[in-house]
Structures are given as C-alpha cells and as structure tokens.
Amino acid sequence: MHDDTRVLAGDCTTLFETTGAQTQRTREQRGEVLVVVKPDNTVLVHDADGYQPVAWLTRPDSVTIDGGTVVARDGDDLLRVVTHDEHGSASYPVSEAGIPVGDCPGCAGTLVRSNGAVRCSDCAERYGLPADATITGGRCRDCRLPTIRTERGRAFELCLDRECESLDDRVTDAFDREWACPECDGDLRIVRKGGLFAGCEHHPDCEAAFAIPTGVVVDTCACGLPLFETAGGRRCLDATCSQAQVSEAATYSGP
C-alpha cells in the first residue's frame, strides 16, 4: 500500500482481461478518462457518464505506475491503462471518511468515527471501539476526549481512550467474584483472553469460562448464572445453557 491517492487524466486506452476456468474475456475502451489509484491499490477508471467506473480492480495483488501506464494484476485479472495524451497527474493525501465526534487532543484535526475506530483526520491518533459502543456526546473529566457507552453486564460510560479509563477495570470492579462457578466451589474471575471472560478462579483445574456478552444483567438463570438482556433477546452467561429458555418461558403470563 502507498499513502496517497494517485490521479491521472488523459486520452487513454483501457484494457481489461479476465480468465475463468475455461474462457478468457477481453474488453478494450478508449476515451478521455480519469484514473484513480487508491492507497489500498484499488484502481478505478471513470469516464464522463455517471458514478460507475468503466473498468476497475478492487485491492489487486499489485499495481505498477510507469509514466502514463498503469498496470494492475489480481490473480488472472489484468487491468492496463495506457495514456496517449496526458492532461495531468498528481498525488493527494486521502483518509477514511467518518462521522465527526470531537476535537483531536494532539493537533487541530477532527476526530471521526469509521470502521470500528475513532481516528484523527490530520494525525496518527486512533482509538479502538467496542463493537456496540455509542458516542455519548459527553467529555472525559481528565483528558476531555469524547466518552462512549458500552454494555458488559451493566451500561458503562467511560473515556474513549482505554489508557485513560479501562473497560476491563470497570467490568472487573462490577463483577469480579460476583458469580459462583457452576462446576466447582470457586468464584468466577474477570479475565481478558481475546475478549472479556468470566473464568473459574481454580483454572486450570476447573476449565469453566464464559464470554461476557454485550448486554445487561436483568435476572438470574435457572442454572444460577446471570441472565443477560442482549440485542438478540435474553440469554444466560453460559451461551450453551438450555435452562435459559425454560426460565424465560416460565415468566410469560400471556394467554
């Protein structure tokens, strides 16, 4: 990958070849076009009509630019653009577009949310987000970054920067040793192993461990573990628990 978007405009011949299991197709076009090579190597060739490119390759294996010739290869697919009369070419900085959520603490840029993270429009500042996180509109009392809301047994509002305020610490404070292990006499401890888990304190002698779902605790399952209200409905901390359905059905009082 390269850092900038490269743009070339001119009178060009565009050749696209694709080879299937038994056939090969070739499409050749000539005209005044705009060629865009994005930082992820995606190549787009646009003419004067509409938004649809006349030819493109998305994230090909390789792209070479030699003078006015652009060659992109992706497996058996080939896209070649040869410039006969160049009107202009240049490179421009580009970034992911996102929803503005606040000011960057490190520069004069704007923090934007996109693709599971919040990043600065100008510098390298970047903050990962839990999948369910929403930006609250509030500000952290210590660093003044935006705050987020996320659910892990409770609804937590905390700083966007995990180093300023840790979700793991908040969940640990709330639920460490809060629940008994269903397989031995131990307590469930809050640990992170790729995600947040409630695991038996007697590990490895006891291997009981449960991923903490996105949602809030609303009741106790018939098995004794907490029952969560999630976006997909109620479920036990133990995702394989068959008693959760029995427990939920028992609370229904309709006709």
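## Strands β6 and β7

Val 71 stands opposite Arg 80 in β7, a pairing that belongs to the contact between strand β6 (residues 69-74) and β7, which run antiparallel and are joined over 6 bridges. In this predicted model, β6 and β7 form a hairpin with 2 residues between them, and Gly 75 in the turn has a positive phi of about 60°.

Strand β7 (residues 77-93) also pairs with β1, again in the antiparallel sense, and here the pairing extends over 14 bridges. Within this second pairing, Asp 4 has Pro 93 in β7 as its bridge partner.

## Thr 5 in strand β1

Thr 5 lies in strand β1, which covers residues 4-19. With a relative accessible area of 10%, Thr 5 is under the 20% limit and therefore counts as buried.

Which residues is Thr 5 in contact with, once its neighbours within four places in sequence are left aside? The contacts of Thr 5 are Val 36, Val 37, Lys 38 and Pro 39, together with Ala 90, Ser 91, Tyr 92 and Val 94.

## Two further hairpins

Strand β8 (residues 99-103) and β9 pair in the antiparallel sense over 4 bridges, and Pro 100 stands opposite Val 112 in β9. These two strands, β8 and β9, form a hairpin with 6 residues between them.

Strand β12 (residues 134-139) and strand β13 (residues 146-151) likewise run antiparallel, joined by 3 bridges, and the bridge partner of Arg 139 in β13 is Pro 146. The hairpin formed by β12 and β13 has 6 residues between the strands, and Arg 144, in the turn, has a positive phi of about 70°.

## Cys 140 in the loop between β12 and β13

Cys 140 is found in the loop between β12 and β13. Is this residue buried or exposed, given its relative accessible area of 6%? Cys 140 is buried, because 6% is under the 20% limit for that class.

## Backbone features in loops

Most residues other than glycine have a negative phi, and most peptide bonds are trans. Against this background, Asn 41 has a positive phi of about 80° although it is not a glycine, and Asn 115, also a residue other than glycine, has a positive phi near 50°. Asn 41 lies in the loop between β2 (24-37) and β3 (43-46), whereas the place of Asn 115 is in the loop between β9 (110-114) and β10 (117-120).

A cis peptide bond joins His 203 and Pro 204, with omega at about 10°. Pro 204 lies in the loop between β16 (196-200) and β17 (209-211).

## The chain as a whole

The secondary structure of the protein chain comes to 2 helices and 20 strands. The radius of gyration of the chain is 27 Å, well over the 18 Å that the globule rule gives for 255 residues, so the chain is more spread out than a compact globule. Taken along the principal axes, the C-alpha atoms fill a box of roughly 80 × 55 × 45 Å.

Of the 255 residues, 37% count as buried, and the chain exposes about 14,900 Å², of which carbon and sulfur atoms supply 45%. Among contacts in the chain with a separation of 6 or more, residues 24 or more positions apart account for 33%.

Key
Residues numbered from 1 in each chain as written. Predicted model: local features only at pLDDT ≥ 70, side-chain atom pairs only at ≥ 80, totals over all residues. Heavy atoms only, no water. Pairing = 2+ DSSP bridges. Rg over C-alpha atoms; globule rule 2.2 N^0.38 Å. Buried < 20%, exposed > 50% of the residue type's maximum accessible area, 1.4 Å probe, protein only. Contact = heavy atoms within 4.5 Å. Areas by Shrake-Rupley, 256 points an atom, 1.4 Å probe, with all protein chains shown as cover.
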